[in-house]
Amino acid sequence: MSRTALRICPLCEATCGLTLTIEGTRVTKARGDRDDVFSKGFICPKGASFGAADGDPDRLRTPLVREDGELREATWDEAFDAVAAGLRPVVEEHGPHAVGVVLGNPNVHTMAGALYPPVLLAGLRTHSLFTASTVDQMPKHVSSGLLYGDAVAIPVPDLDRTDHLLLLGANPLESNGSLCTAPDFPGKLKALKARGGTLTVVDPRRTRTAKLADRHVAIRPGTDALLLAAMAYVLFEERLVDLGKLAPHVQGVDELDHAVRDFTPEAASQSCDVPADVIRELARELAAAPTAAVYGRIGSCTVPHGTLASWLVDVLNILTGNLDRPGGALFPLSATDKAPRPAGPGRGFALGRWHSRVSGHPEAKGELPLSALAEEIDTATGEGSPVRALIAVATNPVLSAPDGDRLDKALGSLDFMVSVDPYLNETSRHAHVVLPPPPPSQAPHFDFAFNTFAVHNQVRYTRAAVPLEPGRMAETEILARLVLAATGMHGTDPAAVDTLVIDQTLGKAVTDPHASVHGRDPGELAAALTGDSGPERRLDMMLRLGPYGDGFGARPDGLTLAKVLAHPHGIDLGPLGPRLPQPLKTRSGKVELLPEPIAGDLPRLREALRERSEGLVLIGRRHLRSNNSWLHNVPALTGGTNRCTLHIHPEDAERLGLTDGAPVRVRGAGGAVTAPVEVTDGIRRGVVSLPHGWGHDRPGTRMSHAALDPGVNVNQLLDGSLLDPLSGNAVLNGVPVELTRTS
């Protein structure tokens with residue numbers, strides 16, 4: 001007999017509500033939850049394939065432990081004994097920085113990935129942290145940290161109310177949005193146009209999003225910051241700057257005016273290949289719109305001036321008075337955020353508190369560049385020990401980081417590696433221990449990260465739709481045990497990790513004069529928490545202490561876990577609203593429009609005004625049925641248009657003698673790959689495109705469907721030397737390549 005259960009989709013940032021049909025313990029169907037307060041029934045092909053992804057027969061069911069060079073199935077006790085025996089000697093002999101931690105994108109899609117890695121890092125005290133952020137959105141964190149004093153204070157476009165939306169390097173009709181959690185992003189863009197609004201898309205490709213736009217600007221890749229700086233110039237030159245209600249909260253406007261004076265539309269147009277009159281029109285339209293928002297994503301982050309481009313996105317929102325107002329760009333307020341404190345100066349945001357051992361890359365937000373992981377392992381020179389042991393959680397950097405071949409070899413040289421991963425993939429195949437989490441249907445779900453970027457305030461939580469199968473271990477327990485094994489407490493009850501966090505959090509809260517629980521007994525508060533597990537008790541605590549919480553009885557109508565559970569389709573917390581100056585944590589207590597690190601990087605952008613590459617440059621590509629390298633083992637999500645092909649403009653193909661479907665050799669600084677040609681006028685001349693996440697052809701993996709059509713690893717064309725200096729983010733777009741016919 002079949003039954004239904006609700007589940008929040010964990011397969012992309014849209015966080016849509018699903019209704020699952022379950023037969024026994026198997027998910028046989030997924031459809032959109034029409035009563036979900038946020039997604040209202042929307043579903044994409046990934047969500048519709050939830051059951052196939054959940055039931056993939058290649059998912060590991062038991063731990064693997066390496067013996068005599070081979071991985072064998074093991075018990076959970078054997079696996080964690082091996083983890084403790086492998087990690088602790090490295091820490092004790094070489095120090096904590098000799099243990100690297102790599103966190104992949106899927107961590108932000110699970111409760112466990114949000115709750116336990118911070119505890120692991122605090123216990124290890126390692127500086128060797130590498131995450132997917134530095135091949136994705138780190139420039140936005142850095143620019144927000146410098147502007148607002150908080151690296152996670154990222155304003156999002158008010159899609160439901162804006163009159164004018166300018167998108168750069170974003171293709172939400174295929175990505176579903178990023179750093180902007182918005183179920184049915186396509187529908188929101190269509191609604192914008194239906195109410196008479198304007199959509200402008202800046203992208204080298206005529207993407208599905210660009211086809212929907214009122215204006216598509218086919219910019220030369222990597223020059224977004226020049227275009228935005230020239231728009232800022234126009235706003236100042238034509239006296240279109242109007243901060244409105246923002247004025248008391250912003251400093252540095254005059255200094256910014258002076259700083260952008262070299263970026264005239266005429267100068268910028270030579271490099272970004274956008275006519276000067278178009279640049280002026282873009283600026284005038286932005287200033288003239290009743291409300292407007294500028295939004296930039298991965299295409300404007302993974303470029304040489306990614307932090308400057310991310311900063312300038314917010315600069316334009318500020319100069320036109322559109323930051324922190326309905327219809328513009330607003331700061332969300334998640335149910336598990338810290339409760340708002342009185343506005344005032346904060347500690348600010350610092351870069352470069354430590355540096356990588358080999359190349360001296362500065363940390364950003366506590367992280368080192370993922371591009372530097374291989375050299376931190378395989379290079380002996382430099383102060384301190386190389387990374388000798390690695391903890392990899394939900395990550396596949398052999399495919400997602402530049403120069404996977406070098407990293408592949410480096411991983412094979414480690415003294416010890418433990419991987420938390422459901423698959424034996426291109427990275428986890430090197431592990432000495434593999435700890436597989438259960439499929440998502442057997443795990444609870446709460447979006448700690450994505451609710452902080454949501455375009456509408458709401459709260460939703462779903463418990464596991466299917467009971468945990470015998471022999472499996474909850475991901476929360478896996479990570480709790482990993483924390484204990486890595487920090488010298490192997491054998492302790494894993495519940496102690498949650499108890500420790502609860503005790504520390506409540507102990508701090510009761511001493512905070514601004515907290516609703518100030519002066520109360522932390523033991524009494526801990527005893528009041530509800531939930532069926534330690535993670536649920538932590539969620540209950542965060543909800544109660546949060547901005548909408550009951551304050552442990554201080555606000556009877558406030559949120560608690562019990563209240564959220566009583567509303568299975570979620571609770572609507574209202575539209576985003578103005579919040580300044582409360583979110584600001586800068587030392588001045590204001591938006592610091594021209595912070596010193598940004599001013600220090602502007603000369604490099606001025607140099608770019610004189611640069612003009614005449615050769616071919618490469619950009620990445622996203623597809624609606626892909627999410628990095630996660631989903632290529634699901635047959636329903638591969639094939640058709642989701643193929644690893646090289647997009648090239650017809651004129652470039654004719655010039656190089658390339659024909660549709662023929663193989664072509666693509667060479668970059670990091671190596672070469674061969675891919676089939678796909679001739680299309682959907683890409684501008686001088687630009688070619690390969691999708692990200694492919695290259696499933698390495699031996700020793702257990703991803704049978706992905707191996708049937710492995711594609712090629714686009715990141716192998718990169719040698720890892722190109723980074724945005726402020727954020728350490730890899731430059732993945734706008735990189736020079738050469739093409740050679742292979743037949």
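This is a predicted model: local features need pLDDT of at least 70, side-chain atom pairs count only at pLDDT 80 or more; totals for chains, interfaces and linings use all residues.
Close-up 1. Helix α3 covers residues 76-94. Its 19 residues reach 27 Å from the first C-alpha to the last, close to the 27 Å expected at 1.5 Å a residue. Buried positions of α3 include Trp76, Ala79, Phe80 and Val83. Further along the helix, Ala84, Gly86, Leu87, Arg88, Val90 and Val91 are buried too. An α-helix has 3.6 residues a turn, so residues three or four places apart point the same way.

**Close-up 2. Helix α10 is largely enclosed.** Of the 14 residues of α10, 13 are buried, so the rest of the structure largely encloses this helix. The helix spans residues 224-237. From first C-alpha to last, α10 reaches 20 Å, close to the 20 Å expected at 1.5 Å a residue.

**Close-up 3. Helices α10 and α12 cross at roughly 165°**. Their axes come within 9 Å. An angle over 145 degrees counts as roughly antiparallel, and α10 and α12 are therefore roughly antiparallel to each other. The crossing is left-handed. On the α10 side, Leu226, Ala230, Tyr233 and Val234 make the contact. On the α12 side (residues 265-272), the contact is made by Pro265, Ala268 and Ser271. By class, this contact has 6 nonpolar residues, 1 polar residue and no charged residues.

**Close-up 4. Asp273 sits in the loop between α12 and α13**. Helix α13 covers residues 276-288. Phi of Asp273 is near 60°, a positive value in a residue other than glycine. Most residues other than glycine have a negative phi.

**Close-up 5. Asp403 sits in the loop between α17 and α18**. Asp403 is buried, with a relative accessible area of 15%.

**Close-up 6. Leu246 is buried in the loop between α10 and β12**. Strand β12 covers 250-251. The relative accessible area of Leu246 is 4%. Which residues does Leu246 touch, not counting those up to four places away in sequence? They are Ile318, Gly321, Leu323, Asp324 and Leu580. Pro438 lies elsewhere: Leu246 and Pro438 are 48 Å apart in space, C-alpha to C-alpha, and 192 residues apart in sequence.

**Close-up 7. A cis peptide bond joins Leu580 and Pro581**. Omega is about 5°. Most peptide bonds are trans. Pro581 lies in the loop between β19 (571-575) and β20 (591-592). Leu580 is one of the residues that Leu246 touches.

**Close-up 8. Helices α20 and α22 cross at roughly 15°**. Helix α20 covers residues 495-509, and helix α22 covers residues 534-545. The two axes come within 9 Å. Angles under 35 degrees count as roughly parallel, and α20 and α22 are therefore roughly parallel to each other. The crossing is left-handed. From α20, Asp498, Val501, Ile502, Thr505, Leu506 and Ala509 make the contact. From α22, the contributors are Gly534, Pro535, Arg537, Arg538, Met541 and Leu545. By class, the contact has 7 nonpolar, 2 polar and 3 charged residues.

How values were computed. Residues are numbered from 1 along each chain as its sequence is written. Side-chain values use heavy atoms; hydrogens and water are left out. Axes are lines fitted to C-alpha atoms, for helices over the stretch in contact, and angles run from 0 to 180 degrees between N-to-C directions. Helices (H or I, at least four residues) and strands (E, at least two) are DSSP runs, numbered from the N terminus. Angles under 35 degrees count as roughly parallel, over 145 as roughly antiparallel, 65 to 115 as roughly perpendicular and the rest as oblique. A crossing is left-handed if the near helix is turned anticlockwise from the far one by less than a right angle, and right-handed if clockwise. Contact means heavy atoms within 4.5 Å. Ala, Val, Leu, Ile, Met, Phe, Trp, Tyr, Cys and Pro count as nonpolar, Asp, Glu, Lys and Arg as charged, and the others, Gly among them, as polar. The expected span of a helix is 1.5 Å times one less than its number of residues. Buried means under 20% relative accessible area, exposed over 50%, partly exposed in between (1.4 Å probe, protein chains only).
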